[in-house]
Amino acid sequence: MHHVQAYAVVYVNETKGHDETGQGTESAPYATALGAMLARGPDVTVMIRKGDEGTYEPLSASGVKKAKKMYDMTIKKKQKAGEQAAQEAERAEQDRKKLEDSKKIVIEPPSDAAPAKRIKICAGVQNRDVRVKVCGWVHRLRSQKDRMFLVLRDGTGYLQCVLQGALIQTYDALTLTLESSVELYGVIKTLPEGKTAPDNHELVVDYWTCVGKAPGGDDAIMNRVSENADPSILADNRHLVLRGETASAILRVRAAVLDGFRAEFASSGMLEVTPPCMVQTQVEGGATLFQFDYYGQKSFLTQSSQLYLETCLPALGDVYCVQESFRAEKSHTRRHLSEYTHLEIELAFVSFDDLLSHIEQDICGMVDRVLKDDKTRALIEQLNPGFQPPKRPFLRLNYKDAIAYLNEHNITNEHGEPHKIGDDIAEAAERKMTDQLGVPILLHSFPREIKAFYMKRVPGDEAFTESVDLLMPGVGEIVGGSMRMTGHDELLDAYKREGIDPSPYYWYTEQRKYGTCEHGGYGLGVERLLAWLTNRWTVRECSLYPRLSLIHISEPTRP
Ligand code: 4AD
């Protein structure tokens, strides 16, 4: 604090003075003329000096003018800031009072209200103009002076709701946040021309309650899961991500795809079975087995239900299952999960050609069924604009021709070398070829060495197998299948070649003893099919709670 003294003369030293602690004396000068005026009023006589040299001189006329101008501006700014602060304080006080008062506002259903019919949002159209009760979560929220619009979400759809009057003056209304759960009562009215909302109607609310308030501030949903957040943050917050429009749309399409397959399979006389996940046999090689202790015995999580499906053929005819498969993958890629949903089918008395046609029919039949449903078609359009069902017939490409294609198009293996017959075509090369061709490819007749022990040999070309992968643009392999060996002894030979102890497989081997037949089947990765259908960068987006390899390799990031 400065003493207010009647000194008309104040001293300013631009290098040694202090505006805050100075007193305007020669020994304790101010640092600037403005500082002097702010402390002592604008009408002082300013004596000024730089450093210790020379004497104090009166400030020049232009210096005085400039300092006064600055003084006026500073005073005005201070006044304005003061006014603003006062206004803000007043507003805050009003808000506080409004909030305090709002606690006293109690709303009741209108006395003449009809009893409300509890409906889900998907039944809104059939229930317009009658009083309904709808429950759900606040998906969007927008307040205007005299009304509040919220978009309610209940999993079956979205419903615009409008609240006004006392309904928006309660404490719950003033503090409502996104993701809060609410129960709303009122009448669904068709929207006037020119206004848009889901299903072209809105719920005019006459009474509501807040069931569970969601946090605001730092913990608000938007701060937990923003769209461009780091993938690891989104993975940790998957439970909240699922509430978003994209993640939930994918899960809806997923359900529709499974329904579509089931309908397609039922129409061709196939039966669904549910094989176990805990097994003591391998199907697709020991390298990716998850092992666990089963009452002291070495056991595995299943890699494929194929062997069980084969045993069902004589009992139930053609069968399929939708079962989790587990693979201890050694790398973390965008199309590998450690646990995935495996749709597998097995067909009796078929040729390899029948099997290839079946794969094509199953995929196309499922897609046609899914697109027939308006809601699912809209979801696919939302996720994958312009999606067109694949053209039939699918391209059938022999493995040997694929190797030739890769070499003709300079697509090399992982080591930058040309491919040769016998190579397992790596993911990157396969993807490149598939994207170049731009159509679904039934790539078939792989070499025996790179395929599983049970596969049937190509008659007359025994180094190759009647095996097939279905490759889709954008994703690569979504289906793997084959014809199976039918002979008892050739299967025993196959176990031996692979170093597999045949004893735990006796039940599988005996299929060849008790009425063998030509048969084959395939497995489809549901998440991979979805990544293709909904145009997702990774299968992780297509799984409810993805389980991933913990071994990290760098992979190309999303373009
Ligand atoms: O090609 P795979 O290994 O074939 C089998 O398991 C056969 N026994 C199936 C049969 O004939 N019944 O796997 C089949 C499909 C693959 O084409 C791929 O779509 C999917 O399963 N798949 C995976 N999906 C996600 N993450 C993984 N780690 C996968 N491994 C295979």
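Guide: What follows is a short talk about labels and the values behind them. This is a predicted model, in which local features need pLDDT of at least 70 and side-chain atom pairs count only at pLDDT 80 or more, while totals for chains, interfaces and linings use all residues. Residues are numbered from 1 along each chain as its sequence is written, and side-chain values use heavy atoms, with hydrogens and water left out.

Visitor: Which residues is Arg431 in contact with, leaving aside its neighbours within four places in sequence?

Guide: They are Arg334, Arg335, Gly474 and Val475, where contact means heavy atoms within 4.5 Å.

Visitor: What makes helix 7 oblique to helix 9?

Guide: Helix 7 (residues 245-267) and helix 9 (residues 352-372) pack at about 120°, with axes 8 Å apart. Axes are lines fitted to C-alpha atoms over the stretch in contact, and angles run from 0 to 180 degrees between N-to-C directions. Under 35 degrees is roughly parallel, over 145 roughly antiparallel, 65 to 115 roughly perpendicular, and the rest oblique. The angle of about 120° therefore makes helix 7 oblique to helix 9.

Visitor: Which residues meet there?

Guide: Among them are Ala256, Val257 and Phe261 in helix 7, and Ile363, Met366 and Arg369 in helix 9.

Visitor: How do you know that strand 12 and strand 13 pair?

Guide: Two strands pair if DSSP finds at least two bridges between them. Strand 12 (residues 290-294) and strand 13 have 5 bridges in the antiparallel sense, so by that rule they pair. In their hairpin, with 2 residues between the strands, Tyr295 takes a positive phi near 45°.

Visitor: Why do strand 1 and strand 3 stand at the edges?

Guide: They belong to an open sheet of 3 strands in the order 1-2-3, with mixed pairing. Strand 1 (9-13) and strand 3 (57-58) each have a single partner strand, so one side of each is left without a neighbour in the sheet. Strand 1 runs parallel to strand 2 (residues 45-49), joined by 5 bridges, and Val9 has Thr45 as its bridge partner in strand 2.

Methods: Helix = DSSP H or I, 4+ residues; strand = E, 2+ residues; numbered from the N terminus.
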